[in-house]
Amino acid sequence: MNDVLSEVVTAPLTVNGVAIGNDAIAAEAAHHGDAPDPLDAARRALAVRELLRQRAVSLALLDESAALDDAAVDALLERELTHVPDPDREACERYYARHPARFRRNDIVYASHVLFAMTDRVPLAPLRQRAERALAGIVAAPDTFETVARASSNCPSAEVGGSLGQLLRGDTVPEFEAALFDTDSIGVLPKLVNTRFGFHIVRIERRVPGDAVPFDEAADQIAAHLAARVRQQAMRQYVAILAGGARVEGVTFDGANGPLVQ
């Protein structure tokens with residue numbers, strides 16, 4: 001097991017007296033490998049799940065002995081989050097105007113990267129620290145990028161100094177694509193890019209602009225994105241309210257005394 005997951009979890013995690021064991025926390029942590037602290041992220045996720053389960057039971061949406069499933073979560077949120085507003089056209093137009101780089105097609109980016117790959121054999125925290133040190137060194141001395149890539153990158157592109165060549169939208173995983181295309185930056189990006197594969201130091205050599213997507217063509221996509229973001233915020237607030245009315249030990253929820261989501 002990854003060393004970061006095999007740490008002893010000493011603080012008990014309970015929600016209204018229901019204990020969540022270390023084995024469950026360690027198993028959940030495997031799904032939060034890109035978090036700064038996978039164990040803390042796992043504890044929070046499991047506490048949220050138990051809060052939702054207990055609320056669903058109290059509303060007779062779930063049997064006391066049943067595990068929380070997607071159907072129960074959907075039924076709970078449909079009942080509890082009843083006043084989440086849909087974005088109007090004005091909100092969508094503002095978003096479109098503020099994020100022009102996100103609404104282009106046929107953009108081309110020429111980029112290179114250094115990949116510090118996540119594996120079961122590599123503890124996450126030391127890997128991140130190693131990537132951060134390498135990034136700091138490259139930012140201080142940009143001409144060393146290819147040398148660092150050849151020596152340290154866990155990608156076949158290391159053989160060519162990290163070069164990924166010409167990239168279009170859809171060529172990479174979404175989180176890497178966002179780092180490439182959602183800004184107009186050139187040069188070494190100042191922060192690591194986290195993906196399912198690991199931590200990347202990214203350098204953008206050149207951009208070839210494509211065409212702007214008309215607002216009317218992008219409007220449905222923008223509305224769906226804004227609606228999901230508003231619902232996510234409402235969900236965070238709802239969970240904070242549940243936590244504020246519960247006895248939760250072993251994890252802290254910020255904003256637990258926030259206003260009630262009707």
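Asp107 sits in the loop between strand 3 (104-105) and strand 4. Helices (H or I, at least four residues) and strands (E, at least two) are DSSP runs, numbered from the N terminus. This is a predicted model, in which local features need pLDDT of at least 70, side-chain atom pairs count only at pLDDT 80 or more, and totals for chains, interfaces and linings use all residues. Residues are numbered from 1 along each chain as its sequence is written, and side-chain values use heavy atoms, with hydrogens and water left out.

Is Asp107 buried or exposed? Asp107 is buried, because its relative accessible area is 10%; buried means under 20%, exposed over 50%, and partly exposed in between, with a 1.4 Å probe and protein chains only. The side chain of Asp107 makes a polar contact of 3.2 Å with the side chain of Arg104. A polar contact is a pair of N or O atoms within 3.5 Å; within protein, one must be able to donate a hydrogen and the other to accept it, and residues adjacent in sequence count only if both atoms are side-chain atoms. The Asp107 side chain also reaches the backbone nitrogen of Gly210, at 2.5 Å.

Next, Glu217, which is found in helix 8. Glu217 counts as partly exposed because its relative accessibility is 49%. Its side chain is joined to that of Arg105 by a polar contact of 2.6 Å. From Glu217 to Ser153 it is 64 residues in sequence and 39 Å in space, C-alpha to C-alpha.

Now the strands. Strand 4 (residues 108-117) and strand 8 (residues 198-208) run antiparallel and are joined by ten bridges; two strands pair if DSSP finds at least two bridges between them. Within that pairing, His113 has Val202 as its bridge partner in strand 8. Which way do strand 6 (residues 187-188) and strand 8 run? They run antiparallel, with two bridges, and Val188 stands opposite Arg203. Strand 7 (residues 193-195) also pairs with strand 8 in the antiparallel sense, over three bridges. Strands 7 and 8 form a hairpin with two residues between them, and Thr195 has Gly198 as its bridge partner.

The UniProt record, an unreviewed entry, places "domain: PpiC" at residues 106-206. UniProt positions are in the numbering used here, feature names are shortened, and annotations may be inferred rather than shown by experiment. That span is 33% helix and 29% strand, and its end C-alpha atoms lie 14 Å apart.

On to the largest pocket, which holds about 350 Å³ of space. A pocket is an open set of points on a 1 Å grid over the protein atoms alone, where a 1.4 Å probe fits, with protein on both sides within 12 Å along at least five of seven lines; lining residues have an atom within 4 Å of a point. Grid points are joined across faces, edges and corners, and the volume is the space filled by probe spheres set on the points. Eleven residues line the largest pocket, and Val48, Met235, Arg236, Val239 and Phe253 lie nearest its centre. Helix 2 (38-58) and helix 8 (215-244) are the elements that give two or more residues to this lining. Helix 8 gives the most, with five residues.

Last, Ala60, in the loop between helix 2 and helix 3 (70-80). Ala60 has a positive phi of about 60 degrees although it is not a glycine. Ala60 is exposed, because its relative accessible area is 69%.
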